[in-house]
Amino acid sequence: MPVRGVNRVIDGRPIFDLVVAANRLPVDLVMDAHGEGSWQRSPGGLVSAMEGAMAAREAAWVGWCGEPGAAPEPFLEGGIFMHPVPLSSIEVEEYYEGFCNDTLWPVCHDVIVQPSFHRRWWTAYQAVNRRFAKAIAEVASEKATVWVHDYQLQLVPAILRAIRPDVRIGWFNHIPFPPVELFAQLPWRAALLEGLLGADFLGFQRVADAENFLRSCRRLLDLSTTGDTVAFPPPAGDGPARRVRASAVPISVDFRGLSALAGSPGVLARAAEIRASLGSPEILMLGVDRLDYTKGIRHRLKAYGELLEDGELDTGKVTLTQVAMPTRERVDAYRALRDDVERAVGQINGEYEVLGSTPIHYLRHSYPREEMAALYVAADIMLVTPLRDGMNLVAKEYVSCRNDLGGALVLSEFTGAWHELHQAFICNPHDIEGVKQTIMRAINASAEERRRRMRAMRKRVADHDVHRWASRYLDALAAAPSRPQRSIPLPDREGGAEHTGPAGASAGDPASGGISR
Ligand code: F6P
């Protein structure tokens, strides 16, 4: 019987017309103390977004299972063919924790912490990228569409093109692409750019990210760019230059799925229960982040602590619930952040707790999507204050869940989401006084003003949901290096972001779409 997700079988191997490749599979293999494995949903915005985007598509997904060692056998999950790629313990250390998250990650996030440059990490990164390209080639049908994701796989497009020139290759960057002045620090900057230039289309979160990439090509590779395309002579020097298009296609969430979930009786009841269990505070503030130094959690806690100290906020009336999902826990900068955050939470609670009222509820866990939706529905003020973030889907999820037009979003101007959600209460997270004032403005805004802001933001997210994002991306990839025929130029705040696809987004499957961190 044909299985959804398996297109054809050649030499006993299933092959697919659409292949997605990301560092992680959407499910992680988690081993317990007895060595028993179970599959859990992977953390992060990439998986949340792609879950929604892949709901109605037949595809293979190539990625790591989250545990070192031999790769599990390929399997079907949610209609998608999972093709695991193995990473050894050393590769987890040198490729994933090292080059991806201690070299590229800080470079792409404004060097908030000092990046480390190690040649052996680079060697591991090259080896793993080669392995991914080979795994993709194994499951891609002739002329397949291959959609590569994120900074972990920047060399894959060129390697794949060399072994499978027939396939169409797209890459999407979920994180910021840094200004050339920062990107230029990378000793392997030319190889990374050339790796990406193996693609037909490169998608970015913001116009500024695409521009940073094009500028890096001009400055570091001496290539010429025209509009949003770059001319790239083939590495061997024979044949005409290929044109590669680089453009902004900002990612989104499954608005309708989240909205339906948030309106379900179970989630509404749970939201009321959460408020009651927190002592029915007058003001419930919420932060939801991976425990990452880019998220601005320390700055947020400082601002909150000072508001309590100044007496602007009254401990008996306000509480902050901070969900902090564990992430990359063996990388030093993440360990240091956890220590700092937990010290700050302890200090604030020690100082300002009164019987029956705790200033901060700190939850270092991941939660299922129903619980996250209930938290969003319960929260009066959502604090999204990263120092730098490619998009931040939490902001869009909060908005999607507020069917009641209640709540208020405090949003950092250093997120991709800021470019779309201008009606949020905007702050510069480095400016602690400014953050305090913005929080107080959000608290003191009239119900009417909050409704007006929330309505506008919901319209934006509903019109630009994850299904539309995926269609726009795939249309742009199919048409590259030209712009897609179906392009409908819509006014955009940044003036440059391209809008393609049908004016009406496909209605989301209420059962799909995740909650990200
Ligand atoms: O978008 C950034 C990203 O690295 C994604 O690739 C990933 O889904 C998420 O953050 C979580 O990171 P990690 O896979 O390192 O836990």
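Analyst: The points below concern a predicted model.

User: What does the chain average in pLDDT?
Analyst: The average is 91, and 92% of the residues score at least 70. Over residues 488-514, however, the pLDDT is below 50; this stretch has 80 contacts in the model beyond near neighbours in sequence.

User: On to packing. How many residues has the largest nonpolar core, and which have the most contacts inside it?
Analyst: That core has 101 residues, and Tyr95, Phe213 and Met285 have the most contacts inside it. Helix 3 (residues 119-139) contributes the largest share of this core, eleven residues. A second, separate core has 73 residues, among them Leu258, Leu411, Leu421 and Ala480.

User: What does Phe213 touch?
Analyst: Leaving aside residues up to four places away in sequence, Phe213 touches Phe177, Leu193, Leu196, Leu197, Leu202, Phe204, Val230 and Ala246.

User: And Tyr95, which aromatic cluster is that in?
Analyst: Tyr95 forms one aromatic cluster with Phe99, Phe117, Trp122, Tyr125 and Trp188.

User: How many aromatic pairs are there in the whole structure?
Analyst: The search finds 23. One of them joins Trp39 and Phe75, with 4.7 Å centre to centre and 40° between the planes, a tilted arrangement. Trp39 lies in strand 4 (residues 37-41) and Phe75 in strand 6 (residues 75-77), so the pair links parts of the chain 36 residues apart.

User: Is Phe75 buried or exposed?
Analyst: Phe75 counts as buried because its relative accessibility is 17%, under the 20% limit. Trp39, at 34%, counts as partly exposed.

User: Why is the pair of Trp64 and Tyr96 tilted?
Analyst: The ring planes of Trp64 and Tyr96 are at 55°, with the centres 5.3 Å apart, so the pair is tilted. Trp64 belongs to strand 5 (residues 60-64) and Tyr96 to helix 2 (residues 89-108), 32 residues apart. Both Trp64 and Tyr96 are buried.

User: Changing topic: which way do the residues of strand 17 point?
Analyst: In strand 17 (residues 381-384), Ile381 and Leu383 point one way, Met382 and Val384 the other, and all are buried. In a regular strand the side chains alternate between the two faces of the sheet.

User: Which strands pair with strand 17?
Analyst: Strand 14 (residues 283-290) runs parallel to strand 17 and is joined to it by two bridges; Leu286 stands opposite Met382. Strand 18 (residues 408-412) also pairs with strand 17 in the parallel sense, over four bridges, and Leu411 is the bridge partner of Val384.

User: What do strand 17, helix 13 and strand 18 make?
Analyst: With helix 13 (residues 393-401), strand 17 and strand 18 make a right-handed β-α-β unit.

Technical notes. Residues numbered from 1 in each chain as written. Heavy atoms only, no water. Buried < 20%, exposed > 50% of the residue type's maximum accessible area, 1.4 Å probe, protein only. Pairing = 2+ DSSP bridges. Right-handed = clockwise from strand over helix to strand, strands pointing away. pLDDT = per-residue confidence, 0-100. Contact = heavy atoms within 4.5 Å. Core = buried A, V, L, I, M, F, W, Y, C linked by side-chain atoms within 4.5 Å. Phe/Tyr/Trp six-rings, centres within 6.5 Å; stacked < 30°, edge-to-face > 60°.
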